[in-house]
Each structure stands twice: as structure tokens, then as C-alpha cells.
Amino acid sequence: MMRRAALITVPYLWLLLLFLVPFLIVFKISLSDTALAIPPYAPTMRDGLFALLAELDFENFVFLTEDDLYWKAYLSSLKIAVISTVLTLLVGYPIAYGMARAPEEWRPTLMMLVILPFWTSFLIRVYAWMGILSNEGLLNQFLQWLGLINDPLTILNTTTAVYIGIVYTYLPFMILPIYAALDRLDDSLNEAAEDLGCSRMQAFWLVTIPLSKNGIIAGSFLVFIPALGEFVIPSLLGGSGTLMIGKVLWEEFFNNRDWPVASAVAVILLLILVIPIVLFQRNQQKQAEAEQ
Amino acid sequence: MRRLSWFNVTSLTLGFAFLYLPMVILVIYSFNASKLVTVWAGFSTKWYGELIQNEAFLDAAWVTLKVAVISSTFATILGTMAAYVLVRGGRFLGRTLFSGMIYAPLVMPEVITGLSLLLLFIGIGLDRGVLTIVLAHTTFSMCYVSVVVSSRLVSFDRSLEEAALDLGSSPWEAFRLVTLPIIAPAVISGWLLAFTLSLDDLVIASFTSGPSATTLPIKIFSAVRLGVSPEINALSTIMIAIVTVGVISASLVSKRNSLRAQKDAQAAERANG
Amino acid sequence: MSQTVFAPWDDPKEKPLIRFQNVTKKFGEFVAIDDLTLDIFEQEFFALLGPSGCGKTTMMRMLAGFETPSEGRIELAGQDIGPVPPNKRAVNMMFQSYALFPHLSIWENIAFGLRRDRKSKDEINARVEEMLKLTRLEKFAQRKPHQISGGQRQRVALARSLAKAPKLLLLDEPLGALDKKLRQDTQFELMDIQETTGTTFVIVTHDQEEAMTVASRVAVMDEGRIIQVSTPAAIYEYPNSVYVADFIGDVNIIEATAKASGEEMYDLNWADGQPPIKATSTKPFTEGQQAHLAIRPEKIRISTEKPEDAPNAMQGKVLDIAYLGNLSTYHVELPGGQIIKTQTANTRRLARRDITWEDPVWISWSATAGVLLDQ
């Protein structure tokens, strides 16, 4: 009994202290006074709870609504996350489908090839595109060599580069759940559909796609959620015109040193994320129940 | 019978080309003699030589490695405990909060995790350095470990533990002699995952590190912000090579094990018949 | 010559090895075991028989120590074992899944429990060898569990649970995973081992044939209660309820109203316009009381001619014939629409061709052939 208590208490306390408490601090600071808060923010931890509550105000949130930079950043993050999720799905589905139809003995190797980039540094994978997409980069050299263009295209430091970066880095997250769903799919279902008069294409739309729905949903959330708060990709591949909330938060914190506003930005970002996260959890739960 | 159509072959080829070409190009250009990274000027390993002499990079690499080993070890211990509590703990006060705290960091944007931890460390007056990075990495990677380990524990046949108790083991002996050896592969992959996450992390480390401790990703990031550099290409190549060798040998080992298991099963079949 | 029959349950002086005293086990609102009292004696081979969810596994897990009773007490050799954790009980269990440790060899699996007792190396070696010999596994000692067949795994599980020489061995559906042929052989092997070691066995099973074959006594359970505890023969021949009669083997149940017609003799009115059925019963029935007559199919004779001296005989029509090789079962429809099953041993090579579908036949049985039940 003592052991069980210890077993529960240690990880519990750890998470309380290093996850929940910091989180509450962010929340608290987002409600504290900006003027006094550069740095550190006005009331320190030692002030009692009452003093703390008395000082709360929504000034920082009001500030966020007044400056349209933040609105635009939220909206543009959402837009970029949605578009890149759709793009990743369009790129990832055919790959997952091809993997699921590949001969049995190839599949472990193909799986490994999809997972391998995941173990490689994220930063390096994003960085690799900088050399390719720049004005004198390989892509432009290649297109010019083909004679398709005369002047180099500006891709690096634009939103297009951010899309490419997100699709590239999160592609494995999309492929794996879809592949898992397709792999479980019984071949005879498609044969039955064809037997009942569907063409190949119809069978694909009427049987394969609906039955891989759970994989598509899971993959989409796995791309959408991290893409929304992404920082590295927009700051390396995006330009000054690419507004993403993760980057705004970072700059607010490190460049402007405005901690209360950074905290308020974080709180709002989380509120936006709560909806897809809850939806994702529900989808996973439904799937787990269906499997039982 | 499943057969690959032309469409399948094309999408697989293009897909894997998309996944691997950027890294292949990176590796090739790390051997470029020219300082201009986009112009090929002949084969050379000089950037590797310069890299080895770059003390700042070596220091950062050393810090990163230290942080990764320590934090992934702690994360594995805590994460395994948490997984055990989640799967076997039964009901206890605040269970929902506990499982929420395990899953939330997986979907939390890194900027928020980093920011919140930094504010905590400042609040309690902890100087930022190796210790704070280790604490931060342990916290978020223990959640990944616990997800990996708990998915193994869920499929674990509980009667094995009961059999150990029935045969006279104390609960701790049952865990040490039966549960742990069986879930060991999941615990090891949890450790590897935590290790990689720690090696990789830029955002959380940027928030929680101080002037006394810079990790490799922070160093790389500040270097590449200014543009592509051949030294970073060489460094990336080394890192890619390490990961590739690691993953390929791990999958070869697991392939050998599954082949052996298959053979054993066939042998048992024969013994049966 | 008076051979002493093993029947400690009939001897009031005998102390039980296990005693369940008004044991109730609840899981939340669900009552798994309902105020259950039961004695099990030393050297018994005791079977808990019932459909899934009847509480038999819960009883076994309470004996092993994995569940504690919500109310009541469980005694092992006169001691309350409620507060004793599973690892401190002189009780071992053979799991349904066998629960063999996959990372340990057969030898190490069997030695596992002995090592926990901090026994000396020589002692452990000797005991493991003994167990390997008992279960004929010497050749496989160094293999891992996944390298042997299902039947061998079952024997390893048995050897492992017997190695510590427990006072009581619990077997949870021990033969459930084996195919039919192997199961039958193994039943006899289990009985031999039980006899050789003199250990008390409690087996949980849903297979009535298995329970009847191996057990000295069988407890039939349903919904957390024990319906009847008796020897296999008594359970079969003298079931105490329709539930037991129906659960064990095949049976015809005829509903009727009873009317006394002599000492322990009753006339049963079972259908309008039909002569009453004559049956004996030691259990008293009042005039007009609802009764169920349970008769086993093999106790009913079938013939083409009206039998001369049968107390109960009635005419019917053959509806179905099932030829089972050693036996044939006939389904005979009576004028009232009731269907009676009768069974005949095929003692001759040629099946009796004189009875076939739609034939009018006579069925008959004696007054003592059935059991009269009130519930």
C-alpha cells in the first residue's frame, strides 16, 4: 500500500510542479500589469493569493484585441495550419495507399523509411530546404536548366516555403495512421464491391476511403495541432510577411521582453487549441472503443 | 491479391524522393569545397575539419549529450512509473487530472511549454543552465515515455503478474522479475524516444537555457538564421549518419528476433503434431 | 468386503480444509458471490461448474488472494485467510492462460516459486527435476514457453504450480485451450497427478463433462449461488432443481400437477385427457402442487409394440433421429405436442431399421426413472 502511494505520488507531484504550476503562472501573468512587468512581472510568487487576485486585470487581452497584429497572426496561423494539413493529406494518402498495397515483405522496410526522418533532427530537416529553395538554390537552378523559367522564383522567405516545410516535416505523422487503417483493411471488401458492380475507382471511393476515415482524421489532427503553434518553420523558411502565432509569441518574449503580453498570447493560443485537441481525443476514444 | 498499380509505384517513388532528396542533397553539399553552398566546386572534407576545431560547437554538443542522457533516463523512470499508475493504479484521487497532465504536453505547443517553465524557474529563483534544461526535458519527454510504455502495459497479460504473486513474489519482485523484463523493449524505445526528443529540442531549450549552457540545436539555429553554411551541412551529415546507422541496426535486430520467433513457432507446431 | 469410500463430506467429525462462511463479494453494485457457504475437504478434487459469469472464477480468485470477500470469511485449515496476501498463501494457481513467463525457460518457470522461498540450490534442482519427471517434460527443460506445444505448456503450468507442494491447487479452466482429444487424455493425467501428490484440487470449468470426469464432488453454480453440491453421480441422477438437471447432460422436463397415490408415490397430471404419469419421490408434494418430472433420455425405452408391464407408456410419432455412432437419439412427439427425447445404445452393428421418421412408436419408463422437482 505504501509502495502504491509512492508510485502514484512521485510522477504526480513532478507533473503538478513542472507542468500544472508553470501553466497557472502563465495564466496569472497574462492577467498582471504590463508596466511593472518588464522584467520580472509585478507580483512575485510570495504575495498572497488575495493580493494576487486583487491585481488581476484583462489589460493584456484588451491590448491583444486592439493591436490587429495579433488577430492577423491568429487567423493566418489557422489558415496556414488548415491549408498545410490538407496538402499533407493529399501528399500522404497516396504514399500510405501505395505502402498498404506493396508486397508483404517490403512493408517493414517502407515503414522504416517513413519513420527514419522522424528520428532525424527536426531542425536539420527544415534547414535542408533553405539550400534548396533559395534564389540561387537547387530548385531554381534545376528549373532554369530545364528552361521553364528565366528569372529565379522567390520561394524562400515566403508562405509557400512554410507550406513546403510543414508538409515535409509532418508527412510521417499523416502517413502512419492512414497506413495503419489501410493495412487493416480486408482485401475481400474491395473485391466484394467490384463483384457487386463497382469499378475500381468506385470501389476506392465507396469502400477504401470511408474505411480509412479514422486514419485520415487522426493524421490530420497530428499535423494540424503542432502546425498551429509552429515556430521553427516560419522563422527559418517564412519571411517577414508570414505571420504565425508561435513566432509572434517568441518575438514578444525574446525581442520585446513583454512577458505579460507573451503570456496572454499563449493563453489564447491554448484556447484555440482546446477545440481540436478535445475532438482528437474523442476520435481516438471512439476508435479504441470500436476496436474492443 | 494485392498488386501495385502504376499509380501506386509513382506515388511511392515520388513520396520517398520528397522525403529523402533534401537530406541527400544536404549530405552531398557537405563535401563541397566551395564556401558558396549552392555552387559545386569539387569534393572536400575541409568543413568537417573546421567543425572539429570549432570549440563552441563541441561544447554545445557535449552539453546537449549530457542533457539528453540525464533527462531521458529520468524521463524513462518517471514515465514508466506514470504508465504503471495509469494502467494498473486503479482508482485514486485526481486520476483524471493525472492522465490529463500526461497527455496534455504531447499536444502543447513547445513555445507554451517553454514559456511556462521559464516563468516557473524565474519565480522560484532557479538559475537557468543545464539543470533547468534537464528538468524541462524530463517533464515533456516523460509523457512520451509513459504513452509508449502504457500501450505495452495495456496488452500485457495481467495473469503473469498474478502468477508471480501466487508463486510467492512480493509485488516489487513480481515487477522486477516478470513485468520489467517483458516490457523492457517498450521501456528501451521510450528511452530512445526521450533521448531523441531531447537532442532535437530547440524551442524549450531556448527558453530554459541560460548563458552558461547552450545546446547544439540553439547553436545551429542561431547559425542558420543567417543563412546556409557548409559547416552546418557537415554537422547535419554527421547527425543524419548516426541516426541512420542507429535506426537501421535497431530494425535489423528486431527483424532477426521476429525471424527467430517465427522459426520457434514452427518448431513448436512440429512438436505438437 | 467393505472398501472405504473416499467421502469425508459425509463424516461430521472431518474438519474441512477450506471453509467459505457466508461469503459475499460485490463489485460495485454487482453481486458476484451471494452469501455462499461451502466446505471443501483435504485430498478432494472439487469442481466449480457453471456458465460464464456465475461467480466461479471469483471464488477461485478469492481463494488465491486476488480478491477479498466483501462479507463473510474464508478459512484455510481453520485459519482466516482474508488478510493474507496471495504471495503468503500456501495456495497455488494454474492460470487459464497458463501465464508462463515468456522470458524464462521451462526449468526457470518451474523453479520460480521455489526460488522465492529462498530454498537451497540442491533442493531446488531436485524438486524441479521431480516435477519435470512427473509431467514428462525432461526433454524440454531448457526451452522457452513459445518453443513448445500447447499441451506441453499446459503441463509446464501444472508443474510450476505444483512445485511448491501447495496445500491447495487451484485450476482455472486448465484444459480449455486444448483440443478435444488432448483434453480427454489430459483429464486422466490430471487425476493421476492429483492422486500421486495427494494435493487438494479445486478446478473451475464450464465443461460439465470435464467436471464429471475428474471431480470427486461438483458444485453447480448460477448467479453467485451454489445450486447443488454433490458427487457427479448424485448430481446426474438426483438433481435438486430443473436448473441442475438441465445444465448437466440431456434431460426431458415434463410439467405436471402432483397427486399422492401411495407412500412416496405420485400421479402426475401432465396433459388433459392423458392417463397420469406414475412417479416416486422422497420429497413430499401436496395435492395439486406444480411439479417437474426430469427424466434422462437413456432411461426411456422406445419400441414399436406396446410394452406389457411398463407403469408409464405412451404412443407418439418419431420426429427426428440423430445417429451418433454409439448412441441413437429419437425425438418423439406426443399427441399433446410435447417432444420427448429417448436414447438407445447401438449395441449391434446394424442400426435398428425398424424405426424411422414418422413411425408411430411407444415410449415407456419405470416409476423410478425420473426425479420429481419442485423448482
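Me: What does Trp129(A) touch?
Reply: Leaving out residues up to four places away in sequence, Trp129(A) touches Ala161(A), Ile164(A), Gly165(A), Tyr168(A), Leu237(A) and Pro22(B). Touching, or contact, means that the C-beta atoms, placed from the backbone, lie within 7 Å.

Me: How far can I trust the numbers and labels?
Reply: This is a predicted model, where local features need pLDDT of at least 70, side-chain atom pairs count only at pLDDT 80 or more, and totals for chains, interfaces and linings use all residues. Residues are numbered from 1 along each chain as its sequence is written, while chains are lettered from A and ligands numbered from 1 in the order in which they are written.

Me: Back to the tryptophan. Which residues have the most contacts inside the largest nonpolar core?
Reply: Trp129(A), Val265(A) and Leu115(B). That core has 141 residues. A nonpolar core is a set of buried Ala, Val, Leu, Ile, Met, Phe, Trp, Tyr and Cys residues joined through C-beta atoms within 7 Å. Buried means 20 or more other C-beta atoms within 10 Å of the residue's own, exposed means 12 or fewer, and partly exposed is in between.

Me: Which helix gives the largest share of this core?
Reply: Helix 8 of chain A, residues 159-184, with 15 residues. Helices here are DSSP runs of H or I with at least four residues, strands are runs of E with at least two, and both are numbered from the N terminus.

Me: What about another core, apart from that one?
Reply: There is one of 101 residues. Among them are Leu165(B), Ile81(C), Ile110(C) and Leu114(C).

Me: How many residues meet between chain A and chain B?
Reply: 63 from chain A and 59 from chain B. On the chain A side, helix 1 of chain A gives the largest share, 17 residues. That side divides into 51 nonpolar, eight polar and four charged residues. Ala, Val, Leu, Ile, Met, Phe, Trp, Tyr, Cys and Pro count as nonpolar, Asp, Glu, Lys and Arg as charged, and the others, Gly among them, as polar.

Me: And how many residues of chain B are in contact with chain C?
Reply: 22 residues of chain B, with 23 residues of chain C. Helix 11 of chain B gives the most to the chain B side, seven residues. By class, that side has twelve nonpolar, five polar and five charged residues.

Me: Switching to chain B itself. How many helices and strands?
Reply: Eleven helices and zero strands.

Me: Why is chain B called more spread out than a compact globule?
Reply: Because its radius of gyration is 23 Å, well over the 19 Å that the globule rule gives for 273 residues. The radius is taken over C-alpha atoms, and the rule is 2.2 Å times the number of residues to the power 0.38. Of the 273 residues of chain B, 44% count as buried.

Me: Which residues of chain B does UniProt list as "transmembrane region"?
Reply: The unreviewed entry lists 12-31, 67-87, 99-124, 130-154, 174-194 and 232-253. Its positions are given in the numbering used here, feature names are shortened, and annotations may be inferred rather than shown by experiment. In the model, residues 232-253 of chain B are 100% helix, with end C-alpha atoms 32 Å apart.

Me: Last one: how is chain C divided?
Reply: Into domain 1 (8-246) and domain 2 (250-373). Those bounds come from an automatic or database domain assignment. The domain centres, taken over C-alpha atoms, are 39 Å apart. Six residues from each domain make the contact.

Terms used. Contact = placed C-beta atoms within 7 Å.
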